[in-house]
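Welcome! Keep the sequence and the model side by side as you work through these exercises.

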Amino acid sequence: MSDALNVTAGKPKVGGAVFRAPVGTELPTDAKTQLNQEFKSLGYCSEDGLVNANSPSSNTVKAWGGDPVLNYQDAKNDTFKFKLIEALNEEVLKAVYVDKNVTGTLATGITIKANSEEQKEMAWVFDLTMKGGVAKRIVVPRGKLTAVGDIVYVDNQPVGYEVTISAVPDTSGQTHYEYIVAASSGTN
């Protein structure tokens, strides 16, 4: 039976919604447990939120004469797209330009080296709050930044980094995990 109580929207968790840590960092296995201190917050994201593309693509084999006789899955990419808008946040800059290419602090001066060095895979966590205080956590054990959109500097919008994270399977074959729990749950 349909129930409007199950219809929801996803807002960022107060205090941060996007976190990253080195692969191998202890991962959360529920929606509420405090994250390992290795996870660094990437601050505010744009109002466009988080977009997860997780759809299989397939091909069709046709017989002579054009009849489709076989459909097979040839890929199932799992990507997460969002725009980081804290352009003065050192952790954001490290996520975009590679950790070792960002040195200093805002107080002492930040230096960024933009080059073709490849990003390492990282563990990613996205924390959301749904209707009624329901907590949702998406955990990507191994994800790599595979695209950065154009960086725009104009008067009427924040400088931001639109990034795409591509997830790859962990040792169990999973590209990501989702955990959801009601606000009244006894979980930490």
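Predicted model: local features only at pLDDT ≥ 70, side-chain atom pairs only at ≥ 80, totals over all residues.

Residues are numbered from 1 along each chain as its sequence is written, and side-chain values use heavy atoms, with hydrogens and water left out.

**Exercise 1. Find the largest nonpolar core and the elements that build it.**

Step 1: Learn the terms. A nonpolar core is a set of buried Ala, Val, Leu, Ile, Met, Phe, Trp, Tyr and Cys residues joined through side-chain atoms within 4.5 Å. Buried means under 20% relative accessible area, exposed over 50%, and partly exposed in between (1.4 Å probe, protein chains only). Helices (H or I, at least four residues) and strands (E, at least two) are DSSP runs, numbered from the N terminus.

Step 2: Locate the core. The largest one has 24 residues, and those with the most contacts inside it are Leu42, Phe82, Trp124, Phe126, Tyr161 and Val163.

Step 3: Assign elements. Two or more residues each come from strand S7 (78-84), helix H1 (90-97), strand S10 (122-129), strand S11 (135-148) and strand S12 (161-167). H1 gives the largest share, 5 residues.

Step 4: Look for another core. A second, separate one of 11 residues includes Ala31, Leu35, Val139 and Val181.

**Exercise 2. Describe helix H1: which residues are buried, and what covers them?**

Step 1: Val92, Leu93, Ala95, Val96 and Tyr97 are the buried residues of H1.

Step 2: Their cover includes strand S2 (18-22), S7, strand S8 (102-105), strand S9 (109-112), S11 and S12.

Step 3: Check both ends. Asparagine 89 caps the N-terminal end, with a side-chain oxygen 2.8 Å from the backbone nitrogen of glutamate 91. After H1 comes valine 98, whose phi is positive, near 85°.

**Exercise 3. Is glycine 109 buried or partly exposed?**

Step 1: Find glycine 109 in strand S9.

Step 2: Its relative accessible area is 34%, so glycine 109 is partly exposed.

Step 3: List its contacts (heavy atoms within 4.5 Å). Glycine 109 touches Thr103 and Gly104, not counting residues up to four places away in sequence.

Methods
Polar contact = N/O pair within 3.5 Å; in protein donor to acceptor, adjacent residues only side chain to side chain.
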